[in-house]
Amino acid sequence: PQFYLGDRAMRESGFDTSSRFGPFSGSTEDYAPICLNSLLYKYERDIAIIESTLGNRTAAAHWNQLAEQRKQRIETLLWDDAAGLFMDYDVRTHQRSRYPYVATYYALWSGLATPAQAKRLVANLPLFEGVGGLQMSTDVTGQQWDAPFGWAPTNWLAVAGLARYGYTSDATRIAGKFMATVQNGYRHDGTIREKYNMRTGSSDVNVTTGYKSNVVGFGWTNGVYLKMEELSAPPIEQHRANASSKAN
């Protein structure tokens, strides 16, 4: 019964089956994940900004304090200095997971990583980066949220986080790879897909366990492609300069 409770929580999170939280991720209640805590940190900061804008200084200070406490706990419990990655924390064993996962880059997107941690995360991009972009993990389990598969939302959060910390060349390189993967799939069969193979840069996805289909027309792939295109495009001034040069 406990497995099925964990299974439902895992699916509700959007991260369907992998082996990140035990077999088939059925033990979500045992872990404090970096992705969820990064999101909560950002929400706390956002609420503080809203309260401050409304003139509620006491409430803003309260939410900023909560965010700072969470950041300190993430630093203590989730940052693995030896690995150079944020890792999920197993609350039963009181140890960090040994399952590298692309969700580590949520810490860049939310702005909670220090510059030194950001540098280590960038150095570890080869763990996840393939021909087609960033794969979910370093483990091939046959499940769709593990290697070698990659998804638009996690690629975008990593790309946006890298850009936030000034690693523009890394951000544009990964964005270019993922966009090329989407383009390759579209040229092949005229569709945009739910997920892609990051090692081959294609929509050829062979999932052996769990959801085996690769759904056509997924909104998040469309949206992320447009955001990446926007990030990778030259500034408007450069477009105008190019146009003026051609005209002359």
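Student: Where in the chain is Phe24 placed?

Tutor: In this predicted model, Phe24 lies in the loop between α1 (2–13) and β1 (31–32). Its phi is near 60 degrees, a positive value in a residue other than glycine.

Student: Why is Phe24 called partly exposed?

Tutor: Its relative accessibility is 37%. Buried requires a value under 20% and exposed a value over 50%, with partly exposed in between. Phe24 therefore counts as partly exposed.

Student: What is the phi of Ser25, and is Ser25 buried or exposed?

Tutor: Ser25 has a positive phi of about 55 degrees although it is not a glycine, and its place is also in the loop between α1 and β1. At 2% relative accessibility, under the 20% limit, Ser25 is therefore buried.

Student: How many helices and strands does the chain have?

Tutor: There are 9 helices and 9 strands.

Student: How do you know that the radius of gyration of the chain agrees with that of a compact globule?

Tutor: For 248 residues, the globule rule gives a radius of gyration near 18 Å. The chain has 20 Å, which agrees. Along the principal axes, the C-alpha atoms fill a box of roughly 65 × 50 × 35 Å. Buried residues make up 45% of the 248 residues. Of the contacts with a separation of 6 or more, 61% are between residues 24 or more positions apart.

Student: What do the surface and the charges of the chain look like in numbers?

Tutor: The chain exposes about 12600 Å², and carbon and sulfur atoms supply 56% of this area. The chain has 25 positive and 24 negative charges, whose mean positions are 3 Å apart.

Student: Which residues of α6 are buried, and against what do the buried residues pack?

Tutor: Among the buried residues of α6 are Asn155, Trp156, Leu157 and Val159. The buried residues of this helix pack against several elements, including α5 (115–123), α7 (168–189) and α8 (219–232). After α6 comes Gly166, whose phi is positive, near 90 degrees.

Student: Why is Ile74 called buried?

Tutor: Ile74, in helix α3 (residues 57–77), has 2% relative accessibility. Not counting residues up to four places away in sequence, Ile74 touches Ile34, Asn37, Trp79, Phe86 and Leu112. Ile74 and Glu29 are 45 residues apart in sequence and 17 Å apart in space, C-alpha to C-alpha.

Student: Why does Arg193 count as buried?

Tutor: Arg193 has a relative accessibility of 19%. The cut-off is under 20%, so Arg193 counts as buried. Its place is in the loop between α7 and β9 (196–197). Leaving aside neighbours within four places in sequence, Arg193 is in contact with Ser203, Asn214, Val215, Val216, Phe218 and Thr221.

Technical notes: Residues numbered from 1 in each chain as written. Predicted model: local features only at pLDDT ≥ 70, side-chain atom pairs only at ≥ 80, totals over all residues. Heavy atoms only, no water. Helix = DSSP H or I, 4+ residues; strand = E, 2+ residues; numbered from the N terminus. Buried < 20%, exposed > 50% of the residue type's maximum accessible area, 1.4 Å probe, protein only. Rg over C-alpha atoms; globule rule 2.2 N^0.38 Å. Contact = heavy atoms within 4.5 Å. Areas by Shrake-Rupley, 256 points an atom, 1.4 Å probe, with all protein chains shown as cover. Lys, Arg positive; Asp, Glu negative; His and termini not counted. Charge placed at Lys NZ, Arg CZ, Asp CG, Glu CD.
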